[in-house]
Amino acid sequence: RNESENQSIGHNNEDIEEILTREQVCTLLKVSNTTLFNWDNNKILENHKIGRRVYYRKSDVLALLQNL
């Protein structure tokens, strides 16, 4: 599966939320993986794990982007 494909989490069509990979978030916010890790630890931008992979809600990322 290609990491750049749009991915989503949710149980039905109304609950679907677009998610982004670490790489996508780093590129969008122009920050490092270490910064994302620190932001998660400090509850600035929380990640969500699916299996061993880490994702971020697009809505959370965009909200943070508005506040930067």
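A residue is called buried under 20% relative accessible area, exposed over 50% and partly exposed in between (1.4 Å probe, protein chains only). Buried residues account for 25% of the 68 residues in the protein chain. The model is predicted: local features need pLDDT of at least 70 and side-chain atom pairs pLDDT 80 or more, while totals for chains, interfaces and linings use all residues. Residues are numbered from 1 along each chain as its sequence is written, and side-chain values use heavy atoms, without hydrogens and water.

Helices (H or I, at least four residues) and strands (E, at least two) are DSSP runs, numbered from the N terminus. The chain has three helices and four strands, in the order β-β-α-α-β-β-α from the N terminus.

A nonpolar core is a set of buried Ala, Val, Leu, Ile, Met, Phe, Trp, Tyr and Cys residues joined through side-chain atoms within 4.5 Å. The largest one has eleven residues, among them Leu20, Cys26, Trp39, Tyr56 and Leu64.

| Element | Residues |
|---|---|
| α3 | 58-67 |

Of these, α1 gives the most, with three residues. Counting contacts as heavy atoms within 4.5 Å, Cys26 touches Val31, Ser32, Asn33 and Leu36, leaving aside residues up to four places away in sequence.

Leu65 lies in helix α3 and is partly exposed, because its relative accessible area is 34%.
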